[in-house]
Amino acid sequence: MDSIDKLLAEIQAEYKGEKPQPQQPQKPTVTTAKTFITSASGSDGLIDHLLADVKADFAEQDAAEELRKKQELEQEKIRQAQLKTQQIENLQKQAQAWLSKLDPFSSEGLWFERFAQAYPSKLDAAIEYLQNN
């Protein structure tokens with residue numbers, strides 16, 4: 001038990017910035033234990049504060065990562081919408097070119113006239129026809 005008291009005294013002295021003084025063997029006292037507990041409680045508060053800081057840093061990093069992912073997803077949605085718009089424009093051009101070459105009195109032209117009746121415009125019908133063929 002004496003060796004524990006000596007170690008506690010050395011730790012307390014180091015904590016207070018003092019040089020440890022050789023002690024005479026004595027019985028452990030409650031005040032020594034209370035001082036050590038108080039010192040430990042003070043360092044616990046410091047540790048708790050450091051842990052809270054680390055936790056806040058991780059939360060901030062997680063939030064930043066979440067924001068970055070959300071922005072990337074929005075960018076991808078915009079890119080997909082632009083790609084779809086471009087594909088539709090290309091199909092419209094192809095359909096317009098196909099319609100201008102179509103002979104309305106040919107067998108394909110006559111078939112297409114009946115096919116196009118189910119669509120709001122001949123262009124829409126031609127787009128559908130070209131997409132499927």
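**Entry 1: the buried side of H3.** I looked up which residues of H3 are buried, and found Gly109, Phe112 and Ala116. Buried means under 20% relative accessible area, exposed means over 50%, and partly exposed is in between (1.4 Å probe, protein chains only). Helices here are DSSP runs (H or I, at least four residues) and strands are runs of E (at least two), numbered from the N terminus. The arc is taken from the directions that run from the helix axis to the C-beta atoms. I then checked the face turned away from the buried side of H3, and it carries the exposed residues Ser107 and Arg114.

I noted what I am working with. The model is predicted, so local features need pLDDT of at least 70 and side-chain atom pairs count only at pLDDT 80 or more, while totals for chains, interfaces and linings use all residues. Residues are numbered from 1 along each chain as its sequence is written, and side-chain values use heavy atoms, with hydrogens and water left out.

**Entry 2: H3 against H4.** How do H3 and H4 pack? I found an angle of about 110° between helix H3 (residues 107-116) and helix H4 (residues 122-132), with their axes 9 Å apart. The axes are lines fitted to C-alpha atoms, for helices over the stretch in contact, and angles run from 0 to 180 degrees between N-to-C directions. That makes H3 roughly perpendicular to H4, a label for angles of 65 to 115 degrees. H3 brings Glu108, Trp111, Phe112, Glu113, Phe115 and Ala116 to the contact, and H4 brings Lys122, Ala125, Ala126, Glu128 and Tyr129. Contact means heavy atoms within 4.5 Å. I sorted these residues into seven nonpolar, no polar and four charged. Ala, Val, Leu, Ile, Met, Phe, Trp, Tyr, Cys and Pro count as nonpolar, Asp, Glu, Lys and Arg as charged, and the others, Gly among them, as polar.

**Entry 3: two residues of H2.** Leucine 91 is in helix H2 (residues 30-101). Its relative accessibility is 16%, so leucine 91 counts as buried. Leaving aside neighbours within four places in sequence, I found leucine 91 in contact with Ile127 and Gln131. Its C-alpha atom is 9.2 Å from that of glutamate 128, which is 37 residues away along the chain. Isoleucine 88 also lies in H2. Isoleucine 88 is partly exposed, at 41% relative accessible area. From isoleucine 88 to isoleucine 127, I read 8.8 Å between C-alpha atoms, across 39 residues of sequence.

**Entry 4: H1.** The 15 residues of helix H1 (residues 2-16) should span 21 Å at 1.5 Å a residue, and the end C-alpha atoms are 21 Å apart, which agrees. The expected span is 1.5 Å times one less than the number of residues. Asp5, Leu8, Ala9, Gln12 and Ala13 of H1 are buried. They cover an arc of only 135° around the axis, so they lie on the same side of H1. On the other side of H1, Glu14 and Tyr15 are exposed. Just after H1, glycine 17 takes a positive phi of about 85°.

**Entry 5: the whole chain.** I counted four helices and zero strands. Buried residues make up 12% of the 133 residues.

Methods:
Parallel < 35°, antiparallel > 145°, perpendicular 65-115°, else oblique.
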